Amino acid sequence: MLQRSKTSPQGSIKTAEEVEKMRVAGRLTAMVLKMIGPHVKAGVTTDELDRICHDYIVNDLQGIPAPLHYQPSPEYPPFPKSVCISLNHVICHGIPGERVIRDGDMLNIDVTVIKDGYHGDSSKMFTVGEVPLRSRRVMEVAHEAMVRGIQQVRPGATLGDIGHAIQSYAEAQHCSIVREFCGHGIGRKFHDEPQVLHYGNPGEGIELVPGMTFTIEPMVNAGKRYIKALPDGWTIVTKDHSASAQWEHTILVTDDGYEILTQLPGDPV
Ligand code: MF3
Ligand code: CO
Ligand code: CO
């Protein structure tokens, strides 16, 4: 989400009952990403993928797709679809439409499900057919960057520890980190405090405490970090048109580390 100017400490600290609801919302979100995988094939439009996700969330999971009509602030038009789909050089917030998926595409599908008042938020990358090496590479770097960020999470660690782990890895791999968007606290609110930057310095920023829930969702560019917003008011692309990749999980800070709320048992991170 777009970095907001107002910052207050840890966001809401979840009670045991709330953690259970976050687990449910996270599980349903993960189920959507698992369900949609086999549908991501050459010839399908991003609108069709959106429709399949929407119907599954509403009819099978009896949840609410949080992006639909979402308006983070008055400058944004309401988001018109139920998931974000971002192809190739699109960094994030791609709007599903008529675009036909074809061989060589890589795409991010970002799913946010509300269940019983609580949000789960996760995204992953998909590839279709033979994808250029540069795209595959940025996808892998983004995934490893996210994993390294997640591995920092424990009580007493700081947000800067997370950002630093992500940034230092991605930049060592000659990729760049998008700075204008960040992870976020999540719970009853889609985008809550704190802002979880994907860059920073060890020991800086607030300390993590058990019961915090937030996303880690680094956007990694194969080229330079600069962005451009499209006139639709949502879609963000790389300024240099280089490939971009993103992965996202919703994370709970536990007494001794973390729990990934949007990972299904037995599935890869
Ligand atoms: N799911 C995105 C995130 O990770 C936010 C999308 S806002 C929307 O924060 F309106 F485009 F859905
Ligand atoms: Co998010
Ligand atoms: Co998301």
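Pro194 sits in strand S8, which covers residues 192-196. Keep in mind that this is a predicted model. Glu193 and Pro194 are joined by a cis peptide bond. Its omega is about -5°. Why point it out? Because most peptide bonds are trans.

Next, another backbone detail. Find His174. Where is it? His174 lies in the loop between helix H4 (159-172) and strand S6 (176-177). Its phi is near 65°. That is a positive value, and the residue is not a glycine. Most residues other than glycine have a negative phi.

On to the ligand. Which residues come nearest to ligand 1? Of the 15 residues around ligand 1, they are Pro67, Asp110, His191, Glu217 and Glu248. The shell splits by type into 7 nonpolar, 4 polar and 4 charged residues.

Now the polar contacts. Start with Asp110. One of its polar side-chain atoms lies 3.1 Å from a nitrogen atom of ligand 1. Then Asp121. Here a polar side-chain atom is 3.1 Å from an oxygen atom of the ligand. Then His191. An N or O atom in the His191 side chain is 2.8 Å from an oxygen atom of ligand 1. How much of the ligand does the protein cover? The answer is 100% of the 330 Å² of accessible area that ligand 1 has on its own.

Let's turn to a sheet. This one is open and has 3 strands, in the order S3-S12-S11. The pairing is antiparallel. As a reminder, strands of a sheet pair through backbone hydrogen bonds, either parallel or antiparallel. Which strands stand at the edges? Strand S3 (90-92) and strand S11 (227-229) do. Each has a single partner strand, so one side of each is left without a neighbour in the sheet. From one strand to the next, the twist averages 40°.

Zoom in on one pair. S3 and strand S12, residues 236-238, pair in the antiparallel sense over 2 bridges. Cys92 stands opposite Ile236 in S12.

Last topic: salt bridges. How many are there? The count comes to 9. Take one of them. The side chains of Arg23 and Glu259 meet in a salt bridge, at 2.6 Å from N to O. This pair links distant parts of the chain. Arg23 is in helix H1, residues 16-36. Glu259 is in strand S15, residues 258-260.

Definitions and conventions. Residues numbered from 1 in each chain as written. Chains lettered and ligands numbered in written order. Predicted model: local features only at pLDDT ≥ 70, side-chain atom pairs only at ≥ 80, totals over all residues. Heavy atoms only, no water. Near = heavy atom within 4 Å. Polar contact = N/O pair within 3.5 Å; in protein donor to acceptor, adjacent residues only side chain to side chain. Areas by Shrake-Rupley, 256 points an atom, 1.4 Å probe, with all protein chains shown as cover. Nonpolar A, V, L, I, M, F, W, Y, C, P; charged D, E, K, R; others polar. Pairing = 2+ DSSP bridges. Helix = DSSP H or I, 4+ residues; strand = E, 2+ residues; numbered from the N terminus. Axes fitted to C-alpha atoms, helices over the stretch in contact; angles between N-to-C directions. Salt bridge = Lys/Arg side-chain N within 4 Å of Asp/Glu carboxyl O.
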